[in-house]
Amino acid sequence: MTDGTGAETPFIELDGVRKVFQVRRKAGRLRRTKHEVRAVDGISFTVGRGEMVGYIGPNGAGKSTTVKMLTGILVPSAGRIRVAGIDPSRERTGLARRMGVVFGQRTTLWWDLPLRDSYELVRRMYRVPYDTYRKNLDRCVELLDLGPLLAAPVRQLSLGQRMRGDIAAALLHDPEVLYLDEPTIGLDVISKARVRDFLREVNASLDTTVLLTTHDLTDIEQLCRRVMVIDHGRLVYDGGLAGLHEVGESERTLVVDLAREMAPIEGVPGARTVKVEGPRQWLAFPASQSAAPVVAAVAERWPLVDLSVREPDIEDVIARMYTGRAE
Amino acid sequence: MAESFGRAALVRHGVRAYLLIVAMWVRSTLTYRASFVIMAVGNAAGSGLEFVTILLMFSHIDTLGGFGLPEVALLCGSSATALGLADLLLGNVERLGSRVRDGTLDILLVRPAPVYVQVAADRFALRRVGRLAQAMVVLGWALTRVQVDWTPGRVVLVAAMLLSGAAIFGAIFTLGAAFQFWAQDAAQVQNSFTYGGNAMLQYPPSVFAKDLVRGATFVVPLAFVNWLPALRLMGRDDPLGLPGWVDFMGPVVAAVMCGGAALAWRAGLRGYRSTGS
């Protein structure tokens, strides 16, 4: 289950971490019943220094709760967490200087003040040496194209501009680890691309450890060699993106164009016809199986004109993974 | 974290963070200059009207519960100054509930500064200077008119009264905020003790029922904000006939209240961090 955890001394370490919430629910006009919700139910993993890891899962799977425990906001109900050798919940403010956090839907910038003022506050509050601050700000301004925005009040920025501004704010104090919660949510294609390029650059050149939660699998495909999937508070997958296909029992699709409109193709071993549209037919077969025998079987008995093979859609794979567990 | 820094350094660190955040809010406020001026003047006028009510009353009567106008003005000014100071410096802790509700408290928790400091400085409302200034004018006028033989000891008594009064109100604000970790809509409960308490303390204790005065002494010790020390200053007995030394207990009461508020805050924050919102 754990390829990709290369480093010998892990930077982030979770061991059997649990978080249980007591939830009161209405059970009548005045009566409330208490019951337990296991937001995180025994998670263990390690992340090496300089790794960039994607952390995905459906809503309510426990992603945010995990990030909140890693940042020291929430105290785990059980288990052990170490970030840079520190227990986040006990030394929250000490660790705060060494980490950057971006909550995609909540800005840390000052609404009515120029963007630059928010950065000045970070410099003073984190006591960043002026040279370091200058160097980091210059890099962020260049790579995130913030130059024209520095003098503008934050309330005038677009969502994408504000997100870039927030990411820069989280990096001015040279954090060793960066937590990004939905960093590309609601952004347009160009903003997304710019944010991803920037994160890749930061991770590569500064050796910053990055953990990002996202719904956008393109983020993961483009940024992370390793992905962790969490569902119902448990880690259901930890490894390379490619390995997800095997675990998720995903299917590839063979699209064939026949000489004329025909009845659905039948009797090809391992494959089944899922769609027919005029002379074109779609056949699904397991991703682990080679396409060659399927193609050969079709070509042997049907008037084949053209064909193409489609790789499984990673979103479908993960969606199937979630539903598979829910049943 | 406290051990490695030392307590003094921690306090210095907290005050510095407070001032940094306050400066940001002041500058944010001043981007809407006209609105700020209107609010500050409105604030002063609003609290000034309370004193005008008392002036109007004294245009028909000479004494209220045995107290003359300068004496009542002293009660008004001292209570309003103490409340104004507390309200200006940390009145916005009462916004904690909305921060818990919308989840933005988490942003404060990942910064390298004490959460209490950040919440106290949150949306620092410079306009409240208006109310404080108005209260201090009334207090200043009253201090020049009341019949007091001024000695160094009495000057210290006035200073201690104002500071402990502000601390007592501040503690109530904080207790109310701590309670909001559990009940996010409870801001009005503490307001009834702070703003409501101020409305009561403007009048001499002799006009109220003894049970109310007892409650304000032993249950929610608002009497120590100004009643007891001011009565001592003016050489009058308190309606409950308490021993004389009780009049000087303001700072002790304030310290106990602040200690209690600090414990409640910690418990609230610990609860939040173990249960979420």
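Reader: Leaving aside neighbours within four places in sequence, with which residues is A:Leu283 in contact?

Author: In this predicted model, A:Leu283 lies in strand E12 (residues 280-286) of chain A. Once its neighbours within four places in sequence are set aside, the residues in contact with A:Leu283 are A:Arg252, A:Thr253, A:Leu254, A:Val256, A:Ile265, A:Val268, A:Ala271, A:Arg272, A:Thr273 and A:Val298.

Reader: Is A:Leu283 buried or exposed?

Author: The relative accessible area of A:Leu283 is 1%. The cut-off for a buried residue is under 20%. Because its value is 1%, A:Leu283 is buried.

Reader: How far apart in space are A:Leu283 and A:Gln156?

Author: In sequence, 127 residues separate A:Leu283 and A:Gln156. In space, C-alpha to C-alpha, the separation of A:Leu283 and A:Gln156 is 51 Å.

Reader: Is A:Asn136 buried or exposed, and with which residues is it in contact beyond four places in sequence?

Author: A:Asn136 belongs to helix H4 (residues 130-144) of chain A. Its relative accessibility is 0%, so A:Asn136 counts as buried. Beyond four places in sequence, A:Asn136 is in contact with A:Leu171, A:Leu172, A:His173 and A:Asp174.

Reader: How much space lies in the largest cavity, and which residues are the closest to its centre?

Author: The structure holds four cavities of 30 Å³ or more. About 230 Å³ of space lies in the largest cavity. It is lined by 17 residues, and the closest to its centre are A:Thr108, A:Val122, A:Tyr126, A:Ala169 and B:Arg111.

Reader: How many residues of each class are in the lining of the largest cavity?

Author: Strand E5 (99-103), helix H3 (115-125) and helix H5 (159-169) of chain A are the elements that give two or more residues to this lining. By class, the lining has 11 nonpolar, four polar and two charged residues.

Reader: Which elements give two or more residues to the lining of the second largest cavity?

Author: The second largest cavity has a volume of about 60 Å³. Its lining includes B:Ser47, B:Cys76 and B:Gln134. The elements that give two or more residues to this lining are helix H3 (33-58), helix H4 (69-90) and helix H8 (129-145) of chain B.

Technical notes
Residues are numbered from 1 along each chain as its sequence is written. Chains are lettered from A and ligands numbered from 1 in the order in which they are written. This is a predicted model: local features need pLDDT of at least 70, side-chain atom pairs count only at pLDDT 80 or more; totals for chains, interfaces and linings use all residues. Side-chain values use heavy atoms; hydrogens and water are left out. Helices (H or I, at least four residues) and strands (E, at least two) are DSSP runs, numbered from the N terminus. Buried means under 20% relative accessible area, exposed over 50%, partly exposed in between (1.4 Å probe, protein chains only). Contact means heavy atoms within 4.5 Å. On a 1 Å grid over the protein atoms alone, a cavity is a set of points where a 1.4 Å probe fits but cannot get out, and a pocket is an open set with protein on both sides within 12 Å along at least five of seven lines; lining residues have an atom within 4 Å of a point. Grid points are joined across faces, edges and corners, and a volume is the space filled by probe spheres set on the points. Ala, Val, Leu, Ile, Met, Phe, Trp, Tyr, Cys and Pro count as nonpolar, Asp, Glu, Lys and Arg as charged, and the others, Gly among them, as polar.
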